[in-house]
Amino acid sequence: MRICYIAAMKYVYLDHAATTAVRPEVREAMAPYFDDRFGNPSSVHRWGRQAKNALEQARERVAAALGAKRREIVFTGGGTEADNIAVLGRWRALCDSGSASPICCSAIEHKAVLSAAKQCTREGGELIILGVDELGRVQTVAIDEAIRARPAIISVMWANNEVGTIQPIADIAARCQAAGVSFHTDAVQAFGKLRVRVDDVPCDLLSVSAHKVGGPKGTGALFIRGGVDVSALTHGGGQEREVRPGTENVACAVGFAIAAELAAAEQEHEAKRLAGLRDRLQQSLVENIPDLTVNAAGAERLPNILNVSIGGADQEALLIGLDLEGVAASGASACQSGAVTPSHVLAAMGRVRPGDATVRFSLGHTTTAEDIAVAMQAVPAVVRRIRAEVAA
Amino acid sequence: MSKVLLAMSGGVDSSVAAALLVEQGHSVVGVTMKTFCYSETNSTGKTCCGLDGIMDARRVAETLGIPHYVFDMEEAFTAAVIDDFVSEYAAGRTPNPCVRCNSNTKIPDLLHKGRMLGCDVIATGHYARTHTDGSGTHILRGSDRAKDQTYFLWGVPAEVIPHLHFPVGELTKPEVRAYARRLELATADKPESQEICFVPSGDYAEFLGKRLGDDHAGLQPGAVLSTSGEVVGEHGGYARYTVGQRRGLGGGRGTPLYVLGVRPATNEVVVGTAAELYRDDVVLGDLNWLHDAPRVGDQLAVQVRHRAQAVPARVTDVAYDTVTLKLDRTQRAVTPGQSGALFVGDELIGGGRIR
């Protein structure tokens, strides 16, 4: 009986901004590197040479997907590490010679950037936080003002992971370039959803992650434009141009290369498809749930993210209730114990209202129209039940 | 089959409760309540509901194939339990935070959240039973008298009772452990929780110092008095003392001395002999009745601490917010602030805080 019940339930994954399933092509490409092609790229023998070749080919393909040169790509252990090397490593490289310069980032950065920037403050740098408007946009006047404080580096994410707001990244990068200030952008969410190319945008540093685009977890890359110097955060055998030492994760680099290539090739079509599905879900929720606000609705947004605040609902019950109905979504961010904490992004946008619950639906490669139809049914029902009890 | 929200502390009792509910065909949702900020304490594994408890509960839920979630109850728990714990000690009484937690946080909040999730039944791993008849649902003592936990439930709001379910209430502790081992649950041989969850070290005076400030009057030295008012020694602050306590009074005297009372206004601790600790009257305040309030002349039984025998008693006075009882035989160390749970036979009828 129990099995029938479970089988009848349709589970819908709408949390692709958290992570995605590894694509079959990716897994297939990785498999040989766990088997006979297991070599260490630093070794002289045939196993080593084979691994080195695969690694450099992977680097070439990731570089091509981003419009970069092969030598400008450093493989990392994920987006967080790429952000840390970019922010802290670049800041330290620029501060080595003299006194600590300020560091600047937006208020809605991922914790990887915010925490790295906070580390700079512990090492004597002043932190300049760029505020955002109610739609989550960094204002260019704020960039100009920050530049006047002569920070070592400015970091602004390409697109936000929670609400999806896209920043005027080409404009911001150009202003930094003109002023001679280093610029980093966290493109972890933007890559695969937007056209993300470093030949379009004059950034010095750019972070991407594999598992957000159908690649394996624990792998990412940092683009470091030729001539830009960063200090390593870890020390070892000199791999990855000494920026990220340690035996390279060849299988994951190979997997990432395939995922990145597919993501770049499919980006335009996929963005249109996901935006269509997202808009359908958005319209349905707006029509069927009173007192629902779409966050960042008026801004240029990632095509796959829908973030809504629902008045008179309970945050925990909303996410758990959706999960029990088979819909996987997320709230702000989950801490170690799994409890839900309030969003620093919505706070920066001035969008935190007591009694609101916030939920992010994020679509991805595997999302279908049927998935959206299930969510359109489930979400209003869950909200109605919660509201009835909250009001009781 | 109804959908059941089960409170899982990560201990063996609630783990077995989960297994039993699954076996009975219920759709079970497991939750662990995060009640305070774990980084403030070093978990020793001696308490329930800590971070390790969350991990253990999650493992058991995974084994049984039921969903498990964490409810963040920190704000409510701090207000209802920790603040009360601190203010009671500051007032010279000895609080019972586990009762407060069950009555004011755990069970009512679970029902509230459960209803949001479509669960109309709340289950816990308490050793207690329920019985429903024409007059409603009643809470009865657990079958294992050595483990019975009804004492902790006297403060549960009456309207919640029809929704309660105690899956292990008919079992004994050894049966629960055997069942857990048979199912190879991760928590089968976990030790009993002993300490107060937010004071895992057991050093509550240090905890009070942190919350009240070390300069609080209750933590300053004061006089130890005999029952005749004679100063017989010095103590380290009235908040460190509880009625019946022998330790920490300085030693070397012929007859052992015990704390008989604490006077916060003057920071005095009154001591006397073991014989002077016995009383045959109890006044309860902060009352809660699960069904009807008792009347003057009613015969019932009062239990004044967990794992104490309930003593037969007669109701001698019922006022707006207090009830006075005359005990059939004297009780040792009836401690202000502790709970007095009232029973008629096996049935818990309510209770109050000892005045």
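**Figure 1. The seven-stranded open sheet of chain A in the predicted model.** In this predicted model, seven strands of chain A form an open sheet in the order E2-E8-E7-E6-E5-E3-E4, and the pairing within this sheet is mixed. Strand E2 (73-76) and strand E4 (127-130) of chain A lie at the edges, where each has a single partner strand, so one side of each is left without a neighbour in the sheet. On average, and with direction ignored, neighbouring strands of this sheet are turned by 20° against each other.

**Figure 2. Strands E3 and E4 of chain A, with helix H6 of chain A packed on the sheet.** Strand E3 (residues 103-106) of chain A pairs with E4(A) in the parallel sense, and four bridges connect the two. Within this view, Ser106(A) is found opposite Leu130(A), the latter belonging to E4(A). Helix H6 (residues 140-148) of chain A packs on the sheet by touching E3, E4 and strand E5 (153-155) of chain A, and the direction of H6 makes about 170° with that of E4(A).

**Figure 3. Helix H7 of chain A across strands E5 and E6 of chain A.** Helix H7, which spans residues 169-179 of chain A, lies across E5 and strand E6 (182-186) of chain A, and the helix runs at about 160° to E6(A).

Figure 4. Strand E10 (residues 305-310) of chain A and E14(A) run antiparallel and are joined by six bridges; Ser309(A) stands opposite Thr358(A), a residue of E14(A).

**Figure 5. The crossing of helices H9 and H11 of chain A.** The axes of helix H9 (residues 315-324) and helix H11 (residues 369-391), both of chain A, come within 10 Å and cross at roughly 135°, and H9(A) and H11(A) are therefore oblique to each other. The crossing in which H9(A) passes H11(A) is right-handed. On the H9(A) side, Ala317(A), Leu318(A), Gly321(A) and Leu322(A) meet Ala378(A), Val379(A), Val382(A), Arg385(A) and Ile386(A) of H11(A). Sorted by class, this contact of H9(A) with H11(A) has seven nonpolar residues, one polar residue and one charged residue.

**Figure 6. The side of chain A that touches chain B.** The contact between the chains takes 14 residues from chain A and 15 residues from chain B. H9 and H11 of chain A each supply at least two residues of the side of chain A that touches chain B, and the largest share of that side, six residues, comes from H9(A). By class, the side of chain A that touches chain B has six nonpolar, three polar and five charged residues.

**Figure 7. Prediction confidence along chain A.** The pLDDT of chain A averages 94, and 95% of the residues score at least 70. Over residues 1-7 of chain A, by contrast, the pLDDT is below 50, and this stretch has zero contacts in the model beyond near neighbours in sequence. Where pLDDT is low, the predicted coordinates should not be read in detail.

Conventions: Residues are numbered from 1 along each chain as its sequence is written. Chains are lettered from A and ligands numbered from 1 in the order in which they are written. This is a predicted model: local features need pLDDT of at least 70, side-chain atom pairs count only at pLDDT 80 or more; totals for chains, interfaces and linings use all residues. Axes are lines fitted to C-alpha atoms, for helices over the stretch in contact, and angles run from 0 to 180 degrees between N-to-C directions. Angles under 35 degrees count as roughly parallel, over 145 as roughly antiparallel, 65 to 115 as roughly perpendicular and the rest as oblique. A crossing is left-handed if the near helix is turned anticlockwise from the far one by less than a right angle, and right-handed if clockwise. Two residues are in contact if their C-beta atoms, placed from the backbone, lie within 7 Å. Ala, Val, Leu, Ile, Met, Phe, Trp, Tyr, Cys and Pro count as nonpolar, Asp, Glu, Lys and Arg as charged, and the others, Gly among them, as polar. Two strands pair if DSSP finds at least two bridges between them. pLDDT is the predictor's confidence in each residue, from 0 to 100.
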